[in-house]
Amino acid sequence: MSQTLTAAFPRRTVLAIAVGVAALAVIVGVVAFRSHQATSSTDASGTVSSDAGPSSGAAPEIDILLGLARDATKEGRLVAPQGNNAYEYYLSVSQLDPKNATAQDALRETLPFASQEIERQINRRELEEARREIALLRDYDPTNYTLIILGAKLDAQQRVVTAEDEAKADAIRRRNG
């Protein structure tokens with residue numbers, strides 16, 4: 001029975017990674033297409049228009065934030081570094097325009113990839129950064145099941161680190177007398 005579980009786990013992991021990569025490719029493709037459309041659209045006189053994509057007619061700060069968010073997504077900065085990542089930019093757009101479909105779609109579509117990065121950070125014991133990023137994603141979806149699980153995993157990892165640190169301190173105290 002355990003061999004079946006061991007063999008099935010890597011297949012599930014590979015499948016999850018493949019689905020994630022495919023979804024990311026679609027997101028990047030859509031962003032690239034929209035960016036290309038925005039730069040190549042022309043008006044009747046033949047001059048390039050300043051249409052910034054789906055948010056045309058919106059406030060200039062929204063267009064700027066969407067551009068920064070697209071750049072951050074392309075560069076793989078979904079939730080880090082703090083203050084310069086796609087999630088914070090898209091959340092800012094949502095605060096300015098709660099019905100902005102571009103920001104809402106991007107937040108929803110990138111959440112699984114951001115969650116995977118947070119899980120890797122927990123496994124690398126980068127706990128404070130993982131805690132910040134979970135809080136950031138909870139700003140978008142506070143009841144998301146994946147985020148609840150990541151929060152529990154983070155708490156468990158924190159208890160392990162604390163126990164190890166206490167054991168080391170106890171060992172040092174015993175040695176020093």
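**Helical architecture, nonpolar core and an aromatic pair**

From the N terminus on, the elements of the chain follow the order α-α-α-α-α-α. The structure is a predicted model. It contains 6 helices and 0 strands. The chain has 177 residues, of which 30% count as buried. Its accessible surface amounts to about 11,000 Å², and carbon and sulfur atoms account for 59% of that area. Of the contacts between residues at least 6 apart in sequence, 53% join residues at least 24 apart.

The largest nonpolar core comprises 30 residues. Within this core, the residues with the most contacts are Tyr87, Tyr90, Ile118, Ile122 and Leu137. At least two core residues are supplied by each of α2 (60-74), α3 (86-96), α4 (101-123), α5 (127-140) and α6 (145-176). The largest share, 8 residues, comes from α4. For Leu137, neighbours within four places in sequence being left aside, the residues in contact are Val79, Tyr87, Ala114, Ser115, Ile118 and Leu147.

Tyr87 also takes part in an aromatic pair, formed with Tyr140. The count of aromatic pairs in the model is 1. The ring centres of Tyr87 and Tyr140 lie 6.5 Å apart and their planes stand at 75°; because planes over 60 degrees apart count as edge-to-face, the pair is assigned to that class. Tyr87 belongs to helix α3 and Tyr140 to helix α5, and the pair thus links distant parts of the chain, 53 residues apart. The two partners were also examined for burial. Tyr87 has a relative accessible area of 0% and is buried, whereas Tyr140, with a relative accessible area of 22%, is partly exposed.

Note on methods:
Residues numbered from 1 in each chain as written. Predicted model: local features only at pLDDT ≥ 70, side-chain atom pairs only at ≥ 80, totals over all residues. Heavy atoms only, no water. Helix = DSSP H or I, 4+ residues; strand = E, 2+ residues; numbered from the N terminus. Buried < 20%, exposed > 50% of the residue type's maximum accessible area, 1.4 Å probe, protein only. Contact = heavy atoms within 4.5 Å. Areas by Shrake-Rupley, 256 points an atom, 1.4 Å probe, with all protein chains shown as cover. Core = buried A, V, L, I, M, F, W, Y, C linked by side-chain atoms within 4.5 Å. Phe/Tyr/Trp six-rings, centres within 6.5 Å; stacked < 30°, edge-to-face > 60°.
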